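Student: I would like to go through this model one feature at a time. Please begin with the loops.

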Amino acid sequence: MRNSVIIPIFILLAAMFTLLPSSTMVAWGQTTTTATGSPPLVSTRNNFNLGTGELLRGHNSTDYMPRNVPGLQVGQCPKEMVVLVHGIWVDGRIGVNALEDSSEIFDRARMSLAHNHYTNPLVGFSWDSNTAISINGSGWNIAKLIAKDNGPKLAQFILDYMNTCEQHNQDTKIRLISHSMGARVILSALESLDSNQQWNRNNFKIASVHLLGAAVDDEEVSKNILYIVKNPTSLFELPEWFDPYGVKSAYGKAIEDVVLRFYNLYDPQDKALGDPKLYQFYDQDRPLGLDGAQRGIAVPSKYIQINVQDKTAPLCDANGDSRPDFPFDLGAEVGIGDNHAGYIGFRDPANHNILLDDGAMNVVVSNWNNSTATQKHFSPETTTC
Ligand SMILES: [Ca+2]
Ligand SMILES: [Ca+2]
C-alpha cells in the first residue's frame, strides 16, 4: 500500500496555498533545550523512511528503544506512570521538517506537572514525525501513516511495562497524553491492545488517556464503524469519506474496551488546528481537538470532552526559543487559547527553568485527581509576537 501513496489531484492544486507563513519557512537555528540529563524515554526514531512512511530494514512492527524507564529498566514500578506522545514536525531542522524539539516538549510537560504537584514520572514517546514541511501536504500525509504505525510499538511498550510490574507484584497505572497528531499514535495503540490476547487475558486497562489538541477527524472516536453508512446524509459529504491514505478508523470500541477514562481536551480558539490551510485542507474534515466530537456520533461511555480555550496563555512562544510558534508571524496578536503549542505549557524565553503558564496541564492533573481545575485570569488578554 505504501508504494501506491498517491497525492490527490486537488492537493496538488493547492500549490497556490502556502502552509507556513513566510518567516517560518526560513531555516531557523538550533532550538535551545534545557539540560536535564537522561530522563526516561521510549524512542522509535529512525524506524521509518520519512519520505515514504515505510518501515526501515532492521525494524519490525512492534520494536522500540527504551531509556531509563522506571520499573521496566531502572528501579521499581511507580504508582503511576505518564507517557506523553508529541505531535508532527518535532526534532529536525526548524522550518524544514521541525517546529519543535522533543526533549524540550517532554521537559516542559514535566515542569507543568510539577507545577500541579504531580510527582510520578513522565516518559516521552519520540517518533519519526519530522517529515517534510511541504506545501503539497505530502509530509503531513506521510506523518499520519507513520503515526498510525507507531501504535503497535507504543502498545508493545505498554504491555511490556505492565507485564514487568505484574511479575514483580508492583501495582501501577498507565496514563497517556498526546499532543496534536500524537493522538493518532495513541488511538492506534489502543486498537492494538484491544486485540492483544495477553493484554485481555491479564485484564489490563489504561487508567486514563488525554488527547490535547487532537489532530484526528472529529468522528474517529465513534463506536460505530458503520456510522457513515447508517447516517445517509453523511454519504453526500466528502469530509466523512476523505481518507486516501487509509489511516482513519472508528476507535470508539477500542477506547471502550481498553481505557477507564478517556478525555478529549479541545480548544475552538486554536489557531493551528483552525488554520484553513492545514488540517481542514489536508484532511477535509474538522479536527477532534478544535470543536470536540462530531455531533450525532456514538461516543464511548468513557469519553469526556472538555473545552480548554480559557486555559492557555495569550503568548506566542510556548517553547521559549524566542520565535513565534506556528502559525504566528512576528507582529501577530495572540489571544487566550490561540497557541496550539501551549497545551503543554509556556516556558519563559528569558529563563528556561521558569514556567510562565501550565497551559491545559492543570486540567489534566485535576482530571486525574477528580478535582476541578482552577479558573485562570490572564492580563493583558492579548500580546503581540
Ligand atoms: Ca467529520
Ligand atoms: Ca517558539
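Tutor: His 117 sits in the loop that runs from helix 3 to strand 4 (122-126); helices (H or I, at least four residues) and strands (E, at least two) are DSSP runs, numbered from the N terminus. This is a predicted model, in which local features need pLDDT of at least 70, side-chain atom pairs count only at pLDDT 80 or more, and totals for chains, interfaces and linings use all residues. Residues are numbered from 1 along each chain as its sequence is written, and chains are lettered from A and ligands numbered from 1 in the order in which they are written.

Student: Is His 117 buried or exposed?

Tutor: A residue is buried if 20 or more other C-beta atoms, placed from the backbone, lie within 10 Å of its own, exposed if 12 or fewer, and partly exposed in between. His 117 has 8 C-beta neighbours inside 10 Å, so the residue counts as exposed.

Student: What is the phi of Asp 91, and is Asp 91 buried or exposed?

Tutor: Asp 91 belongs to the loop between strand 3 (80-85) and helix 3 (102-115). Although Asp 91 is not a glycine, its phi is positive, about 75°. Because Asp 91 has 22 C-beta neighbours inside 10 Å, it counts as buried.

Student: Which residue is joined to Pro 380 by a cis peptide bond?

Tutor: Pro 380 is in the loop between helix 13 (361-368) and strand 12 (382-384). The omega of the cis bond is about 0°, and the partner is Ser 379.

Student: What is the handedness of the crossing of helix 4 and helix 6?

Tutor: The axes of helix 4 (residues 138-149) and helix 6 (residues 182-194) come within 7 Å and cross at roughly 35°. Axes are lines fitted to C-alpha atoms, for helices over the stretch in contact, and angles run from 0 to 180 degrees between N-to-C directions. A crossing is left-handed if the near helix is turned anticlockwise from the far one by less than a right angle, and right-handed if clockwise. For helix 4 and helix 6, the crossing is right-handed.

Student: Which residues are in contact with Leu 190, leaving aside its neighbours within four places in sequence?

Tutor: Leu 190 is among the residues with the most contacts inside the largest nonpolar core, which has 101 residues. Such a core is a set of buried Ala, Val, Leu, Ile, Met, Phe, Trp, Tyr and Cys residues joined through C-beta atoms within 7 Å. Contact means that the C-beta atoms of two residues, placed from the backbone, lie within 7 Å. With those sequence neighbours left aside, the contacts of Leu 190 are Tyr 251, Ala 254, Ile 255, Val 258 and Val 259.
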